[in-house]
Amino acid sequence: MFKSYEEINEKIRKGKAVVLTAEEVSGMARTMKPKEILEKVDVVTTATFGAMCSSGAFLNFGHADPPIRMERIEINGVPVSGGLAAVDTFIGATDCNPQNPTYGGAHIIQELIEGRELTLEAWGKGTDCYPRKHIKTRISLKTINEAILMNPRNAYQNYNVAVNTTDRTLYTYMGTLLPHMKNASYSSAGELSPLLNDPECRTIGLGTRIFLCGTQGYVVWNGTQFNCSKPLNEYGVPMGNARTLALMGEMREMSSEFLRGAYFEKYGVTMYVGVGVPIPLLDEDLAHRVSIRNSQIDTFIEDYGCKGELIGKVNYEQLRSGEIEFMGKRIHTAPLSSLFKARQIAAILKDWIMKGQFELTAPVRPMPKGTSLRGLKEINQ
Amino acid sequence: MTKKIVVSFPDGEASRPLIYELIKKYDIMVSIIKADIDGGRRGKLVLELDSDSDHIAQAIDFMVKSGVDVSPLETKISFDNTRCISCGACTSACPSGALSISGPDWKLSFQPDKCVVCKLCITSCPLKLFKIEFAD
């Protein structure tokens, strides 16, 4: 049995599509074979809500009179890119003023989405066509032109578990890592996570319509550091940090329920991003893939105290139990991405599809194959 | 019973062997949750006293008469529940298990009676939603 995107969309339009969340279908798979799941279910919704540093936003402020070519720009005191024409900018989620490292680009994006007014200050050298050299004013989403969220790397397919074998506390983007492996932190929605339910990206590519921070957004490219070369476990799941997605969406439609500025102690600013991806069950292989359970998803244990050495392997059922046994120690485990929020997102996306408000899109261009990562070489002069 | 207290020493009083007397004279199991003594003379202790209620009352009476200030530790670590995203970052750092997150709902749970006021949650929360107020 095979289903096409058009057949599934026809069912969605008629309000007859059967939609389950990835957790629901994983439960169903305990008693049903992929063939039966394919017959019963049309779409599976997946989601994640985690800290994703490689995120940001394009803004266009509009021209002042007389106009300015903004070459140095600050929003609420945070320096943002002055390298995009006269009145465009890109706010990187991790942009911040070193004098105030706990507040940054992600907070600005959140506050804009919440409708707040922020201070914009910009400087230019003054040109014949842009004579003004300085402007200080207030902006909000009501006063500016475009506001587009553009995240170069979101929704990591899987992620290493962080521990610390040294004798001092480490403050990392994986949270506070206590000495002597007293804790381990993990950051994946496991069986609910988008790219773990379609591990080879058969249905996810350029143009895939998704849930992004409360509205409908799109996959616009493969994410940066897209890595197809991670080892697979016996269930075909890539272990460690593998594929990623580049995502885009309209900020004016977003909600800070699903986008939050955050600060990790002694690390810096980052942004929590809510992403939901629908997976159409086109054939038995996809029905089999979405049936994956936490116990079948492995990831590596990485020692953040020792140059990122991979020192073990664990699955998400073990991590979710709150404690793992490793190297003779009982280690407290805790998540960093919110399963509570991810479930909300999967449920909302399911609701949109069932109500006929969200149709599925076939990829315009597939994701790359066979990619691996390069490191950065240092050249000694 | 157990009781958590904040003991504040005025200048010079911190040199007294107070804990020794609590154990020896009043038969109290003392856990030092936090000690912040300035140069060994002035400062603050957060103690958990474990004994029967009479002994605890007598011990507190003794400390007050000795010239140190004793006040109950009102557990005033709190977090803004309405803004919390239940990410779990604070539970990773919480050594006492007061903050926990688990199935079925995976919502952050806070049990103030288990809190030892280590303050790791304050720095660990990526959204900075925790607050602490000492009952000084």
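Predicted model: local features only at pLDDT ≥ 70, side-chain atom pairs only at ≥ 80, totals over all residues.
**Chain A overall**

- Along the principal axes, the C-alpha atoms of chain A fill a box of roughly 70 × 60 × 40 Å.
- Of the 381 residues in chain A, 47% are buried.
- Take the contacts in chain A with a separation of 6 or more: 73% of them come from residues 24 or more positions apart.

**Where A meets B**

- Chain A puts 23 residues into the contact, and chain B puts in 20 residues.
- On the chain A side, the elements that each supply at least two residues are β2 (43-51), β12 (175-177), β13 (183-186), β17 (259-264), β22 (329-335) and α8 (339-354).
- The biggest giver on that side is β17(A), with four residues.
- Sorted by class, the side of chain A that touches chain B has twelve nonpolar, seven polar and four charged residues.

**A closer look at β17(A)**

- Six of the six residues of β17(A) are buried, so the strand is largely enclosed by the rest of the structure.
- A:Leu259, A:Gly261 and A:Tyr263 point one way from the strand, while A:Arg260, A:Ala262 and A:Phe264 point the other way.
- β17(A) runs antiparallel to β18 (residues 268-280) of chain A, and six bridges join the two.
- One of the pairings to look for is A:Gly261 with its bridge partner A:Met271 in β18(A).
- The hairpin of β17(A) and β18(A) has three residues between the strands, and A:Lys266 takes a positive phi near 60° there.

- A:Asn183 has its place in strand β13 of chain A.
- With the cut-off for buried set at 20 or more other C-beta atoms within 10 Å, A:Asn183 counts as buried because it has 22.
- Setting aside neighbours within four places in sequence, A:Asn183 is in contact with A:Leu177, A:Leu178, A:Ile331, A:His332 and A:Ala334 in its own chain, plus B:Ser92 and B:Ala93 across in chain B.
- A:Ile144 is 39 residues away from A:Asn183 along the chain, and their C-alpha atoms are separated by 45 Å.

**Chain B: domains and sheet**

- Chain B is divided into domain 1 (2-72) and domain 2 (78-131).
- The C-alpha centres of these two domains of chain B lie 28 Å apart.
- Four strands of chain B make an open, antiparallel sheet in the order β2-β3-β1-β4.
- β2 (29-38) and β4 (69-72) of chain B stand at the edges with a single partner strand each, so one side of each is left without a neighbour in the sheet.
- On average, neighbouring strands of this sheet are turned by 20° against each other, direction ignored.
- β2(B) pairs with β3 (residues 42-50) of chain B over nine bridges, in the antiparallel sense.
- B:Ser31 stands opposite B:Glu48 in β3(B).
- Helix α2 (residues 53-65) of chain B lies across β1 (2-9), β3 and β4 of chain B, and runs at about 140° to β4(B).

Technical notes: Residues numbered from 1 in each chain as written. Chains lettered and ligands numbered in written order. Buried ≥ 20, exposed ≤ 12 C-beta atoms within 10 Å, placed from the backbone. Contact = placed C-beta atoms within 7 Å. Nonpolar A, V, L, I, M, F, W, Y, C, P; charged D, E, K, R; others polar. Domains from an automatic or database assignment. Pairing = 2+ DSSP bridges. Axes fitted to C-alpha atoms, helices over the stretch in contact; angles between N-to-C directions.
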